[in-house]
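Please look over the structure below before reading on. The report that follows takes up a few of its residues and helices in turn.

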Amino acid sequence: MAHVLKQLTETLEARRNSDPESSYVAALHHKGLNKILEKVGEEATETILAAKDAELSGDNSNLIYETADLWFHTLVMLSHQGEDYQSVLKELERRFDLSGLDEKASRKTQID
């Protein structure tokens, strides 16, 4: 499925500098990081609510839809910061041989 992320990244980059009047992605970039972060937060909240609804109803369709929106807006955020999905995949790959508890503990020592 990495080809889907690659294609989406290419599309996001192509639309980044398009006319904000004709491209949603360009409009987000034009409005700046705060607007993009607002959308990421909004989509995260909608994803959380969809997960709660799915737990009750047993229907995950809206959860999948909202997660796709969250991923999309997260990719826009990464693009705005000069990154893409590959950076995230590399970080996830780095964590394969690391216990989640150990990884979390290492973040605490890095902050201190």
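## Residue E91

With a relative accessibility of 27%, E91 counts as partly exposed, since the partly exposed class lies between the buried class, under 20%, and the exposed class, over 50%. The model discussed here is a predicted one, and in it E91 has its place in helix α5, which spans residues 85–94.

The side chain of E91 is joined to that of R94 by a polar contact of 2.6 Å. Y65 lies 26 residues away from E91 along the chain, and the C-alpha atoms of E91 and Y65 are separated by 25 Å.

Just after α2 comes G32, which takes a positive phi of about 100°.

When its neighbours within four places in sequence are left aside, H29 is in contact with R16, I36, V76, S79 and H80. Between H29 and E66, by comparison, there are 37 residues of separation in sequence and 21 Å in space, taken from C-alpha to C-alpha.

## How α2 meets α3

Two packed helices are described by the angle between their axes and by the distance between those axes. For α2 and α3, the axes come within 5 Å and cross at roughly 120°, and these two helices are therefore oblique to each other.

On the α2 side, the residues that take part are Y24, L28, H29 and K31, and they meet K35, I36 and K39 in α3. Sorted by class, this contact of α2 with α3 has 3 nonpolar, 1 polar and 3 charged residues.

## The largest nonpolar core

Which residues make up the largest nonpolar core? This core has 8 residues, namely L12, V25, L28, I36, L75, V76, L78 and Y85. The elements that give two or more residues to the core are α2 and α4, and the largest share, 3 residues, comes from α4.

Among the members of this core is L12, and, leaving aside its neighbours within four places in sequence, L12 is in contact with V25, F72, L75 and V76.

Definitions and conventions. Residues are numbered from 1 along each chain as its sequence is written. This is a predicted model: local features need pLDDT of at least 70, side-chain atom pairs count only at pLDDT 80 or more; totals for chains, interfaces and linings use all residues. Side-chain values use heavy atoms; hydrogens and water are left out. Helices (H or I, at least four residues) and strands (E, at least two) are DSSP runs, numbered from the N terminus. Axes are lines fitted to C-alpha atoms, for helices over the stretch in contact, and angles run from 0 to 180 degrees between N-to-C directions. Angles under 35 degrees count as roughly parallel, over 145 as roughly antiparallel, 65 to 115 as roughly perpendicular and the rest as oblique. Contact means heavy atoms within 4.5 Å. Ala, Val, Leu, Ile, Met, Phe, Trp, Tyr, Cys and Pro count as nonpolar, Asp, Glu, Lys and Arg as charged, and the others, Gly among them, as polar. Buried means under 20% relative accessible area, exposed over 50%, partly exposed in between (1.4 Å probe, protein chains only). A polar contact is a pair of N or O atoms within 3.5 Å; within protein, one must be able to donate a hydrogen and the other to accept it, and residues adjacent in sequence count only if both atoms are side-chain atoms. A nonpolar core is a set of buried Ala, Val, Leu, Ile, Met, Phe, Trp, Tyr and Cys residues joined through side-chain atoms within 4.5 Å.
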